[in-house]
Amino acid sequence: MNYVFASMNVLKAGELSVEQRRKDWATIAKMFLDCGVDVISLQEVFHEKPVEMLRELLSRYSLRGDEWASDFKYQPTVRNDYEGYAFLWNTRTISLLVDEGGKTYQPLIQARYSRTVKRPPYVGR
């Protein structure tokens, strides 16, 4: 099976980017759907509202009636700043890994690398 992944830096997407319509989330959602994307990774996400908005729009505009899920992380790093990331995925084609014991592996920021690189990776399984 083939999967399509996309990544986008949404440049300081916070609560105001939704409330004040600073970004055109509908156009962004339609762009991802037009590309047939299964998984979306976002960088510079500073609040959950933009992620919720994009997830709702992806589900609403999907021509096949697909539902989308999301995960958002915003946490301090060892450099005394914050990193914000999000994953969104089409639940028709992608699901999170669940081990034999029933544990679901949620995406997480690999903070242990924040002394090695400027922005630690956000990893999902």
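How many salt bridges does a search of the whole structure find? The search finds three. Please keep in mind throughout that this is a predicted model.

Let me begin with aspartate 66. Its side chain forms a salt bridge with arginine 64, where the closest N and O atoms are 2.9 Å apart. Aspartate 66 also meets the side chain of arginine 92 in a salt bridge, at 3.0 Å from N to O. This second pair links distant parts of the chain: aspartate 66 sits in the loop between α3 and β3, arginine 92 lies in the loop between β4 and β5 (108–109), and 26 residues separate them. Taken together, Arg64, Asp66 and Arg92 are linked in a network of salt bridges.

Arginine 64, at 58% relative accessibility, is exposed because its value is over 50%. Arginine 92, at 47%, falls in between and counts as partly exposed.

The remaining salt bridge to present joins lysine 73 and aspartate 71, whose side chains meet at 2.7 Å, N to O. Here lysine 73 is partly exposed, with a relative accessibility of 22%, whereas aspartate 71 is buried, at 10%.

I turn now to the sheet. What is the order of the strands in the open sheet? Its four strands are arranged as β1-β2-β4-β3, and their pairing is mixed. The edges are formed by β1 (5–13) and β3 (68–76), each of which pairs on one side only. From one strand to the next, the twist averages 15°.

Strand β1 runs parallel to β2 (residues 39–45), and six bridges join the two. Phenylalanine 5, for example, has valine 39 in β2 as its bridge partner.

Finally, the helices. Helix α2 (residues 25–34) lies across β1, β2 and β3, and runs at about 170° to β1. Helix α3 (residues 48–61) also packs on the sheet, where it touches β1, β2, β3 and β4 (82–90). The direction of α3 makes about 170° with that of β3.

Conventions. Residues are numbered from 1 along each chain as its sequence is written. This is a predicted model: local features need pLDDT of at least 70, side-chain atom pairs count only at pLDDT 80 or more; totals for chains, interfaces and linings use all residues. Side-chain values use heavy atoms; hydrogens and water are left out. Two strands pair if DSSP finds at least two bridges between them. Axes are lines fitted to C-alpha atoms, for helices over the stretch in contact, and angles run from 0 to 180 degrees between N-to-C directions. Contact means heavy atoms within 4.5 Å. A salt bridge is a side-chain nitrogen of Lys or Arg within 4 Å of a carboxyl oxygen of Asp or Glu. Buried means under 20% relative accessible area, exposed over 50%, partly exposed in between (1.4 Å probe, protein chains only).
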